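Here's a quick briefing to read with the model open beside you. Take a look at the sheet and the helices around it, then work through the topics below.

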Amino acid sequence: MSLAPYVQIVARGKGRSRALSMVEAQEAMQLILAGHAAPEAVGALLMVLRLRGEEPQEIAGFTAALRIHVQGKLPSADLDWPCYAAGRSRGAPLFLLAARLVSNAGYSVSMHGWNSHQSGAASLRAALDLAGPRVTYTALETISPEAFSLLNLRDTFGLRSCFNTVLRMWNPSQAPATVQGVFHPSYRGLQAQAAEMLGQQDMSIIKGGGGEFERNPAKEVRVFGLRNGAHIQKTAAPILSETRRLHEVSRTVDIRGLWHGGIQDSFAKATITGTAAIGLWTLKAAPSLLAAQNMAEALWDSRHNQRGLTA
């Protein structure tokens with residue numbers, strides 16, 4: 001079977017085209033991942049959806065196909081943490097230290113991603129020695145070369161496609177809880193709706209730094225997603241009164257010096273603990289975002305006393 005019938009559904013023209021159903025989207029993505037779709041048809045489908053806008057059931061169907069395609073390739077984890085921001089506006093990957101704080105509370109964290117445009121200072125992969133034993137990172141090209149090829153179509157199109165959203169929804173370790181960062185706020189509701197269709201129970205989505213799951217501690221942060229399968233909108237209050245952007249070109253953070261205690265940076269610390277707090281709350285390690293913030297700060301203060309973890 002070819003991809004043509006699915007392209008026809010979405011591209012027939014005004015008054016005749018419609019969105020794919022979740023089943024149709026899953027079938028279409030299965031053809032693509034199996035290598036049974038012509039490159040021209042793949043490009044046509046993705047760009048029509050780009051122009052028209054993404055629908056929750058399409059994202060859910062594409063994601064379901066990708067999950068089946070890689071089923072069993074990664075061990076299970078407590079928390080899924082996708083990392084797919086391009087990195088053009090990013091600085092040091094402070095969210096990695098936030099993931100480590102979450103793991104210090106006894107949870108396993110599965111990170112996966114690709115960050116093609118990151119500078120050396122923003123590189124997550126270059127800082128993985130700080131991840132600790134309960135945080136794993138798997139590169140997209142390792143888990144699924146097919147998915148990697150689809151993501152890299154961005155270089156061909158000059159535009160992102162809905163596949164960027166699918167990768168954030170992926171959850172290849174089948175974790176019961178997931179956190180996601182988006183660059184455009186409108187995607188928070190879209191991804192929550194798609195997650196509900198996929199049966200996800202607990203998820204937190206924020207507008208994060210450069211599109212990663214990383215909060216600005218000087219701003220109020222709105223948390224969208226699911227809790228016990230129900231849609232939520234929560235507000236995390238500012239941690240600091242300081243007003244500044246999360247990442248500034250003129251400011252660099254020595255992430256290793258920060259972790260090991262050689263340098264002090266209150267803004268970077270608050271970024272880490274604030275991000276970890278939302279992760280801990282998503283895992284239901286604390287009953288409220290405020291309690292989770294207190295827990296994250298305690299974990300930071302005791303980070304060198306964790307049994308089994310290197311300082």
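Let's start in the sheet: strand S1 (residues 79–83) and strand S2 (residues 109–113) run parallel and are joined by 5 bridges. Helices (H or I, at least four residues) and strands (E, at least two) are DSSP runs, numbered from the N terminus, and two strands pair if DSSP finds at least two bridges between them. Keep in mind that this is a predicted model, where local features need pLDDT of at least 70, side-chain atom pairs count only at pLDDT 80 or more, and totals for chains, interfaces and linings use all residues. Residues are numbered from 1 along each chain as its sequence is written, and side-chain values use heavy atoms, with hydrogens and water left out.

**The sheet**

- Seen as a whole, the open sheet has 7 strands in the order S3-S2-S1-S4-S5-S6-S7, with mixed pairing.
- At the edges sit strand S3 (135–139) and strand S7 (230–236), each of which pairs on one side only.
- On average, neighbouring strands of this sheet are turned by 20° against each other, direction ignored; axes here are lines fitted to C-alpha atoms, for helices over the stretch in contact, and angles run from 0 to 180 degrees between N-to-C directions.
- As a reminder, strands of a sheet pair through backbone hydrogen bonds, either parallel or antiparallel.

**Who pairs with whom**

- Which residue in S2 is the bridge partner of Trp-81? That's Met-111.
- Met-111 also has a bridge partner in S3, namely Tyr-137.
- S2 and S3 pair in the parallel sense, over 5 bridges.
- S1 and S4 run parallel too, joined by 2 bridges, and Asp-80 has Thr-178 as its bridge partner in S4.

**Buried strands**

- S1 is mostly covered, with 5 of its 5 residues buried (buried means under 20% relative accessible area, exposed over 50%, partly exposed in between, using a 1.4 Å probe and protein chains only).
- Leu-79, Trp-81 and Cys-83 point one way from S1, while Asp-80 and Pro-82 point the other way; all are buried.
- S2 is mostly covered as well: 5 of its 5 residues are buried.
- From S2, Val-109, Met-111 and Gly-113 point one way and Ser-110 and His-112 the other, and all are buried.

**Helices H9 and H10**

- Two packed helices are described by the angle between their axes and the distance between the axes.
- For helix H9 (residues 162–169) and helix H10 (residues 187–197), the axes come within 11 Å and cross at roughly 55°.
- That makes H9 oblique to H10 (angles under 35 degrees count as roughly parallel, over 145 as roughly antiparallel, 65 to 115 as roughly perpendicular and the rest as oblique).
- On the H9 side, Thr-165, Arg-168 and Met-169 meet Tyr-187, Leu-190, Gln-191, Ala-194 and Ala-195 of H10, where contact means heavy atoms within 4.5 Å.
- H10 also lies across strand S4 (177–182), strand S5 (202–207), strand S6 (221–227) and S7, and runs at about 165° to S5.

**Loop residues worth a click**

- Gln-174 lies in the loop between H9 and S4, and its phi is near 55°, a positive value in a residue other than glycine.
- Is Gln-174 buried or exposed? At 55% relative accessibility, Gln-174 counts as exposed.
- Lys-284 is in the loop between helix H12 (266–282) and helix H13 (289–301); its phi is near 65°, again a positive value in a residue other than glycine.
- With a relative accessible area of 39%, Lys-284 is partly exposed.
- Pro-185 is found in the loop between S4 and H10 and counts as partly exposed at 36% relative accessibility.
- Pro-185 and Gly-208 are 23 residues apart in sequence and 9.2 Å apart in space, C-alpha to C-alpha.
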